[in-house]
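This briefing is meant for a reader meeting the structure for the first time. Please look over the sequence and the structure, and then turn to the points below.

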Amino acid sequence: MEEEAGLGDRSRELAVAHGGDEPAATLIPLAVDGTILAASMVLLSASRQGTRGGVLPWVLLIASSLASIGANVAVAEPTVNARVIAGWPSLALIGAYEMLM
């Protein structure tokens with residue numbers, strides 16, 4: 001069995017497979033994870049101020065989370081078990097990060 005790639009390598013791998021060039025493909029995981037981080041920070045700040053944070057951070061958090069999980073699932077072997085296992089690290093990381101917030 002091949003050694004599993006890191007979380008960011010999966011979205012980079014997916015971008016290259018669909019025609020993205022190497023420099024752009026390398027930045028995609030940073031953009032997705034950075035958006036998750038930024039949206040989470042906005043929501044944390046709003047929560048500490050007693051407000052809800054607005055629609056935009058929630059939309060960006062959900063869209064980026066789905067993109068991260070989707071990229072992992074898309075490059076997994078085409079079996080249910082492989083796809084569940086591939087999607088789990090992103091889901092767990094996002095869930096754990098949000099619980100810390």
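At what angle do α2 and α3 pack, and how far apart are their axes? In this predicted model, the two helices α2 and α3 pack at an angle of about 150°, and their axes lie 8 Å apart. Because angles over 145 degrees count as roughly antiparallel, α2 is described as roughly antiparallel to α3.

**The contact of α2 with α3**

- The crossing that α2 and α3 make is left-handed.
- On the α2 side the residues that take part are V32, D33, T35, I36, A39, S40, V42 and L43, and they meet P57, W58, L60, L61, S64, S65, A67 and S68 of α3.
- By type, the residues of this contact comprise 10 nonpolar, five polar and one charged.

**The largest nonpolar core**

- Six residues form the largest nonpolar core, namely V32, I36, A39, L43, L61 and I94.
- The most is given to this core by helix α2, which spans residues 22–48 and supplies four residues.
- When its neighbours within four places in sequence are left aside, L43, a member of this core, is in contact with R52, G53, P57, W58 and L61.

**Residue S65**

- S65 lies in helix α3, which covers residues 55–74.
- With a relative accessible area of 11%, S65 falls under the 20% limit and is therefore buried.
- Not counting residues up to four places away in sequence, S65 touches I36 and I94, and both of these residues belong to the largest nonpolar core.

Technical notes: Residues numbered from 1 in each chain as written. Predicted model: local features only at pLDDT ≥ 70, side-chain atom pairs only at ≥ 80, totals over all residues. Heavy atoms only, no water. Core = buried A, V, L, I, M, F, W, Y, C linked by side-chain atoms within 4.5 Å. Buried < 20%, exposed > 50% of the residue type's maximum accessible area, 1.4 Å probe, protein only. Contact = heavy atoms within 4.5 Å. Axes fitted to C-alpha atoms, helices over the stretch in contact; angles between N-to-C directions. Parallel < 35°, antiparallel > 145°, perpendicular 65-115°, else oblique. Left-handed = near helix turned anticlockwise from the far one by under 90°. Nonpolar A, V, L, I, M, F, W, Y, C, P; charged D, E, K, R; others polar.
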